[in-house]
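Student: Hi! Could you walk me through this one?
Tutor: Happy to. Let's bring it up and take it piece by piece.

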Amino acid sequence: MNGYLQVENTLFTAAMVLYFVSMILYFLFFAMRREKAGKAGNIVMSAAFVLHTAALVCRGIGAGRFPLTNQYEFATSFAWGICLVCLIFVWRFRFQALGTFAAPVIFVIIGYAAMQSREVKELMPALRSSWLAFHVSSAIISYGAFGVSFAVSLIFLLRERGKNNAFWESHIPEKNRLDMISYRAVALGFLFLTFVIVTGAIWAEQAWGSYWSWDPKETWSLVTWIIYALYLHLRISRGWRGKSAAIFAVIGFVCVIFTYIGVNTFLPGIHSYA
Amino acid sequence: MQAMKKIWKFMSSMKFALILLVILAAACSGGSFITQGQSYEWYTSAYSETAAAAIKLLGLDHVFTCWWFIVITVFLCVNLLLCNVLRAPHLVKRFRGMADPAGMLRRRAPGDHTAVAGAEDAQKVFEKMGFRNPKAGTDQEGRAFLYAYRHRAGLWGAWLCHLGILVLIVGFALGQMTKREYTVYGVPGQSRPIGDTHYALSIDSFEIGLRGDDTVEQYTSGLTMYNIDDGSSRSAQVSVNHPATLYGMKLYQNSTGYAADIAVLKDGKEIQRETVCAGEVLEVEDKEGLAIAFMAFYPDYYMDAGTGPMTRSSAMNNPGYLYQAYYQNQIIGMNVLTGEDVITIDEYTVVFSDPQSYTLIQIKQDRFTPMALAGGLIILAGLFLAFYLQSAALLAWEEENGSWRIVGECRKGGALFEERLAECITPERRKPE
Ligand code: HEM
């Protein structure tokens, strides 16, 4: 194994441990009402993100290519994407407590990554395309944004169920704002998902001569796209804002996860290698 | 008449759009779970008789091309078209209206906005909010006002996105209806007609680039296409991910397989020799009804007790040819030939030799691919406008007592825009109570 990949291994493990620590800190913050733990959680999560980024860079150098071509690489990048979008939203909307809900999602996904084989394999010719790099890296951002909207919508639904004590009042934005933040996350995710589908189609056209062939992975990305389109329209036709929108965002993310893991596991298709 | 109007209205409504989208999503997920394109018998054994009957009846064995899927897609297009056509004049009006402060001056509500101390503070709030060079003027009652707007183009985002979807669907549908597809395969030196076209494709070369570890890096075919009518020709190289276009047709390196030379000898004299790809059948010309099917090839052959014929590697260490011999459609022999093995049938001897790789080239012509691509790009542009260029306007005006009031409008920014505005009106800018 080359040196970069060894370093990557260490950085990856360190990042995973730190994500776990941040999850515990957030838990203390939320369940035990420890203010300081919340701040510490944010710092630890940012540190984990830095290590995680370094791990991905090492992977890329070590493998000599874009690190986005097998289950391990995609899963670890997916977790990274959620963390990236989460940190951006924490900063942009001054919403510290968001990490509390994102950390478990990140930890589960990076845990899934840890269970995958880390072997670096040479790529089959069809995968050696720069469209693939655009395709997959936009998928990371898109999935990350949907992950954040999922977390925000869960918070919304908890709020909806009457979680309205003083602690919530001071740390969680009010419902209108949550709805708006979730919408911003879905908008980001939707724009990028569209980009994923378009670049994927261009790539498929070059590699297989057909830009759309109703392969299960393609079909499910379309289903996910339609679900989020429904979300966007339901929000416009008033009355449906808030709770229903939040439920749709949750369903949408379940579709994202299914497109990502379920399709490879349960359905046959040409995407089964990625 | 009334009913017609109602139908018309429904056809252009968002409610109809939502219903159609839900059905499409459900159909797509159904189509991904039910294996497509199988026979009735296949579904019977995979599910049950009733399920198989239902699948065939509803066309669930070919969801994406069945009539009701197409009808729903057509409805979606009509819906999108109507929605866009009906909304266009309204959008033009809003787009124009934004440049004119009159609309917002009319809409301002009395008194419920935070007041700022004076004109200078109001100006600062405009700057802070990112609105440059507000237009100054006086309203009908002679009071001074400041007005600015931004990202007017953003109003067109959703409209453009819908237009893109329409272009994409129409481009895809036209492509499906008119596209032509052919496959040609062979070994270097062979030339074959391309389906029913007036062209032929000859394979000049075929190379498999291997890496040090025996994995394939690239497949590359050198090709020449001939116009049978005028005798002209054009050449190109194609490899995986790098198709080429000749005579308006796109050539793709699709896959590869093995081929071998099959020689037929009669009483020791060669009477026929052909290069045959694995999977093809050689008809013996000298004896009607006699045929040799070249079933499969194993470059480094060995017999596995469990799975049958196998290959150890892709190196030609021990070529093995699996064949079946037929006479008048009856199998009369089947075996794997290795080393010096030959097939002997009465006075005929059949010899396999010179194994090599053949290349499979896919040839496509879809004139509407650029249209579909344009649709995709329009959608992306529309989404960017809709989400990231949110149109907004800001109005400040002087009250009778000399203080200023500010109001903002940003339909999509909602709570966040209001919040930002509230932040920009800092305590020091605020009019003292
Ligand atoms: C797959 C199909 C569709 C997609 C992906 C789509 C996408 C979108 C998007 C992204 C927006 C902007 C939402 C926002 O800014 O929050 C939007 C708005 C809208 N859509 Fe669609 N749409 C689709 C189909 C339709 C159809 C069939 C109709 C027909 C009635 C429709 C009617 C509208 C309307 C009225 C708006 C509001 C526009 C505005 O706020 O300016 N959409 N759509």
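**Domains and helices**

Student: What domains does the assignment give for chain B?
Tutor: This is a predicted model, and the domain assignment of chain B gives domain 1 (2-83), domain 2 (98-151 + 390-429) and domain 3 (260-355).

Student: How far apart are the centres of domain 1 and domain 3 of chain B?
Tutor: Their C-alpha centres lie 48 Å apart.

Student: Okay, helices now. What about H5 in chain B, how many residues does it have?
Tutor: Helix H5 of chain B covers residues 67-99, which is 33 residues. From first C-alpha to last, H5(B) reaches 48 Å, close to the 48 Å expected at 1.5 Å a residue.

Student: And where does the kink in H5(B) lie?
Tutor: At Ala88(B), shortly before the proline Pro89(B), and the kink is about 40°.

Student: At what angle do H2(B) and H5(B) pack?
Tutor: Helix H2 of chain B (residues 14-33) packs with H5(B) at an angle of about 150°, their axes being 10 Å apart. Angles over 145 degrees count as roughly antiparallel, so H2(B) is roughly antiparallel to H5(B).

Student: Is that crossing left-handed or right-handed?
Tutor: H2(B) and H5(B) cross in a left-handed way.

Student: Switching to chain A: how do H5 and H7 meet?
Tutor: The axes of H5(A) (residues 130-160) and H7(A) (residues 175-208) come within 7 Å and cross at roughly 155°. That angle makes H5(A) roughly antiparallel to H7(A).

Student: Which classes of residue make up their contact?
Tutor: The contact of H5(A) with H7(A) has 23 nonpolar, 10 polar and four charged residues. H5(A) passes H7(A) in a left-handed crossing.

Definitions and conventions: Residues are numbered from 1 along each chain as its sequence is written. Chains are lettered from A and ligands numbered from 1 in the order in which they are written. This is a predicted model: local features need pLDDT of at least 70, side-chain atom pairs count only at pLDDT 80 or more; totals for chains, interfaces and linings use all residues. Side-chain values use heavy atoms; hydrogens and water are left out. Domain bounds come from an automatic or database domain assignment. Axes are lines fitted to C-alpha atoms, for helices over the stretch in contact, and angles run from 0 to 180 degrees between N-to-C directions. Helices (H or I, at least four residues) and strands (E, at least two) are DSSP runs, numbered from the N terminus. Angles under 35 degrees count as roughly parallel, over 145 as roughly antiparallel, 65 to 115 as roughly perpendicular and the rest as oblique. A crossing is left-handed if the near helix is turned anticlockwise from the far one by less than a right angle, and right-handed if clockwise. Ala, Val, Leu, Ile, Met, Phe, Trp, Tyr, Cys and Pro count as nonpolar, Asp, Glu, Lys and Arg as charged, and the others, Gly among them, as polar. The expected span of a helix is 1.5 Å times one less than its number of residues. The bend at a residue is the angle between axes fitted to the seven residues ending there and the seven starting there.
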